[in-house]
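Look over the sequence and the model below before reading on. The report after it concerns how one chain is built and what it touches.

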Amino acid sequence: MSVATAFEIVLAAVVLGLGIWTTAVRETYSATVGFVAYGLLVALVWVRLDAVDVALTEAAIGGGLGGVLLLGAAARLRNTELVLTEAPGKATQVAAAVLAALTGAALAGAVLLLPDPAPTLAPTVVEHAWATGMTNPVTNVLMAFRAMDTMLEKVVLLLAIVGVWSLATDGAWGGHPGPRHRADPHGVLVFLARLLPPVGIVVGIYILWTGANHPGGAFQGGAILASMWLLTIMAGLTDTPPVSSRRWRLVLVAGPGLFLVVGLAGLWLGAAFLAYPPAQAKPLILGIEVAMILTIAVTLGLLIAGAPERSVK
Amino acid sequence: MLSPAPALDAMTSSPGGSLLVLSIVVPVAGVLVAFVLGDRYVRLVAYVAILLGSAITLAILVALPQSKGPIVYLLGTWSPPLGIALRADGLSAVMLAATAAVICAVAAFAAADFPPTATKTRASFAFWILLLAIWGALNTIFLGGDLFTLYVALELLTFAAVPLVSLEGRADTLWAAMQYLLFALLGSVLYLLGTALLYGLHGTLDIVLLSHRVSAQPAALAAAALMTAGLLAKTALFPLHLWLPPAHAGAPSAASAILSGLVVKGSFFIVVRLWFNVMPGLPGFAATQLLAVLGAAAIVLGSVVALRQQRLKLLIAYSTLAQIGYLFLMFPLAFGSSGKLESGGALAGGLLQAVSHATAKAAMFMAAGSIYATLGQDRISGLGGVGRILPISVLAFALSGLALMGLPPGGAYLAKELLLQAAAEQGQWWWAVVLHAGGIFTGAYVVLVLAHAMVPAGRQTTSGSAAPRIQEVAALALALCSLLLGFLPWEAYLPIPLGGGSDKLGFAALSKALLPLLGGAMVAILLGRWELPPEHLSRWKAFLEAIDPVRRAALAPSDLIGRCDDVLRQWPTACICLLSLAALFAASMLASP
């Protein structure tokens with residue numbers, strides 16, 4: 001048994017154990033911490049499976065920003081924890097366990113029965129890389145071959161913002177999301193919030209740029225930018241923008257908006273909706289990705305900041 | 001003219017294909033523009049997008065019968081499996097048209113409820129953006145030719161629908177929205193799991209390519225079972241309905257009309273695509289029967305619990321539950337002797353039922369909304385005199401009720417005729433019984449509400465503000481639309497067999513109408529919750545005393561069903577039901593040869 005195999009077995013066992021522990025543990029806070037660790041380890045699993053793009057996304061969302069969101073929720077729920085202790089009856093628990101095990105076994109069986117080697121479109125995608133001039137197959141699928149899905153997913157993100165904002169009270173509408181954070185100006189949080197963002201911004205932009213030919217892209221880069229922004233907000237160095245600000249709303253729709261404009265230009269001037277002329281494909285796609293990284297960063301940041309709470313003075 | 005069974009086969013863009021893209025792009029662009037301009041212009045942007053979008057839908061309806069087969073559009077010129085195709089067949093066209101009609105009527109209805117003024121900015125901003133988003137999502141579902149595009153559209157639909165539930169911001173509506181969100185996401189996860197399995201098996205998610213490649217392998221059956229169970233959770237088919245009654249009854253009326261009329265049809269339509277287009281040969285006899293058994297149970301439970309409600313909007317929400325069950329009766333009736341689901345009269349009947357329910361139920365919620373706004377409450381016992389205050393709304397409620405019951409010349413009448421014909425051809429008489437019972441049950445709760453609305457006013461006063469006339473007219477127009485659906489030329493879009501439901505106003509048709517009306521009145525007397533003013537009841541004293549023993553005997557099972565509903569609406573029960581259904585579907589598909 002090679003070292004790599006041993007590592008994989010240990011990794012799989014820890015991921016499974018952590019999953020069970022996260023489900024079984026009673027306190028919301030512990031479950032959240034378990035879930036964040038679980039997300040980071042699952043990212044490692046993706047790395048071992050050579051899916052680095054997925055690994056980056058899983059680490060950024062499942063481990064990072066999702067963790068921040070869940071920890072905030074757990075902190076808010078701490079006082080209500082005592083109320084929610086009624087557990088379902090024994091019979092219900094047994095039935096749920098049996099069914100979940102059955103479903104899990106059926107899924108595992110189905111996955112094992114899948115044809116090997118799996119039928120895949122990967123070679124076709126690589127063959128058609130000429131259409132965009134970029135060699136990262138994931139970026140080509142997301143931005144060219146299945147561009148419609150990607151554009152609609154960005155609209156889903158915008159709807160999530162609308163949904164979160166709709167939870168505001170009528171009085172706070174138009175105001176700043178979330179509480180105004182204050183931190184000790186000489187504390188470690190403020191220190192980090194001054195130190196890390198310059199580095200984080202460079203890394204985020206690098207991940208976007210390298211996404212053309214290597215793993216990376218707008219979503220992973222945007223998640224890093226969002227976390228840098230959130231750090232400065234939580235350290236009290238900046239405030240969340242008011243939701244009535246038209247400039248910030250423009251940033252929130254920039255990604256899907258530019259996607260739509262380029263798509264329509266293809267419909268009127270070119271071959272079809274979302275068809276890029278091969279010569280201009282790379283600059284067009286990079287332009288859309290630049291708009292998208294901004295949109296994603298601001299969207300993720302504002303999703304975590306929450307509903308408007310403080311009206312504009 | 002389309003062939004009777006429109007095959008979604010073409011792999012090249014056809015003329016008029018760009019209309020398909022535009023029907024998705026226009027609402028989506030509306031969402032983006034409305035979001036930026038915001039607050040003061042949001043309603044104006046929505047109206048422009050709705051006018052444009054309706055014109056595009058109309059153009060698709062005109063273009064489709066002239067094209068040979070479905071209209072196809074390849075996005076970015078990439079043909080499947082590498083790229084994504086949009087395809088419009090007759091089924092898509094019918095659903096696109098119904099959606100446009102309901103959206104227009106709701107937009108007219110909501111104009112006064114969601115004005116772009118300073119006091120209601122938050123709700124107006126969210127409502128108009130979400131309305132456009134729901135439209136874009138539904139159009140994507142009706143036109144999408146790829147199972148993953150359909151998943152994205154489902155997400156879009158869920159994220160647009162959930163905030164509508166809690167627009168009023170009360171604690172109970174927030175809880176209802178939360179339940180809806182969590183259960184709908186469970187459904188999404190199951191659907192996505194199935195999609196991943198199908199890609200692993202066949203290396204494509206294009207509906208046409210998959211339909212050529214799918215065979216009865218264990219992994220494909222697991223995928224079909226998971227996807228079906230997930231979609232049923234999103235459609236709120238019995239026993240997966242825990243989220244629907246509080247969500248649909250708690251939302252503002254314009255939102256309830258959209259949620260009940262349109263949103264549940266999105267996931268229903270994907271079930272139809274999956275079973276009829278992707279894998280018609282896979283489910284087999286047992287699975288189709290199972291689906292319709294759930295439908296029949298939904299009809300009984302939804303109707304009986306509807307008759308026990310005290311609030312009008314909850315009654316209508318439970319009626320939606322029953323009507324969703326009705327939609328699933330077509331599956332066994334479409335199962336032909338070839339061992340496959342056939343695109344014939346039963347499918348046409350099911351789609352027609354979906355269209356008539358979309359229009360009629362939206363009209364019903366809108367009428368109830370006017371009543372709620374005017375009375376300041378919607379207790380059924382407090383409806384006395386409303387027939388005099390709001391005659392147009394009560395008329396709209398009555399007409400949409402008649403349409404739902406399956407009275408000629410409504411779309412539901414035509415649907416029922418087609419389904420009955422298919423049941424007779426298949427020799428599955430038991431579904432004919434359920435079809436008739438469904439009509440009678442619908443009659444029962446409509447009669448119950450109308451009886452309360454028609455008695456003279458008791459001591460109640462109107463504490464709300466008068467509903468604007470445009471709201472009442474919008475509801476009436478949509479109800480009339482549902483009742484006149486039978487006259488439309490469906491043969492151009494749906495696979496209707498020759499002579500199906502040709503008699504719409506003859507003596508025989510009208511005599512059939514008596515069954516749901518009279519039967520419904522009987523059921524309403526036996527099972528309904530009657531809270532008429534005492535002076536009104538005294539006239540019927542002798543009659544009531546005579547039927548009292550029968551009524552008591554009938555109420556015992558009704559209580560049992562009510563308790564059963566309470567148990568099913570618990571989270572642990574609902575989740576167990578979800579997984580059990582997935583297992584049952586997998587087992588029944590395995591069992592078929």
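This is a predicted model: local features need pLDDT of at least 70, side-chain atom pairs count only at pLDDT 80 or more; totals for chains, interfaces and linings use all residues.

Residues are numbered from 1 along each chain as its sequence is written, while chains are lettered from A and ligands numbered from 1 in the order in which they are written.

Chain B contains 23 helices and two strands. Here helices (H or I, at least four residues) and strands (E, at least two) are DSSP runs, numbered from the N terminus. The radius of gyration of chain B, 23 Å, is close to the 25 Å given by the globule rule for 593 residues, so the chain is as compact as a globular protein of that length. That radius is taken over C-alpha atoms, and the globule rule is 2.2 Å times the number of residues to the power 0.38. Along the principal axes, the C-alpha atoms of chain B fill a box of roughly 70 × 60 × 50 Å.

Chain B is divided into domain 1 (15-143) and domain 2 (144-591), with bounds that come from an automatic or database domain assignment. The centres of the two domains, taken over C-alpha atoms, are 24 Å apart. In all, 39 residues of domain 1 of chain B are in contact with 46 residues of domain 2 of chain B; a contact means that the C-beta atoms of two residues, placed from the backbone, lie within 7 Å. On the side of domain 1 that touches domain 2, α3(B) gives the most, with 17 residues.

Helix α6 (residues 171-202) of chain B has 32 residues and should span 46 Å at 1.5 Å a residue, which agrees with the 47 Å between its end C-alpha atoms. The expected span is 1.5 Å times one less than the number of residues. After α6(B) comes G203(B), with a positive phi near 70 degrees.

Chain B also touches chain A: the contact takes 54 residues from chain B and 56 residues from chain A. The largest share of the chain B side, ten residues, comes from α5(B).

The table sorts two contact sides by residue class.

| Domain 1 of chain B, touching domain 2 of chain B | 33 residues | four residues | two residues |

Ala, Val, Leu, Ile, Met, Phe, Trp, Tyr, Cys and Pro count as nonpolar, Asp, Glu, Lys and Arg as charged, and the others, Gly among them, as polar.
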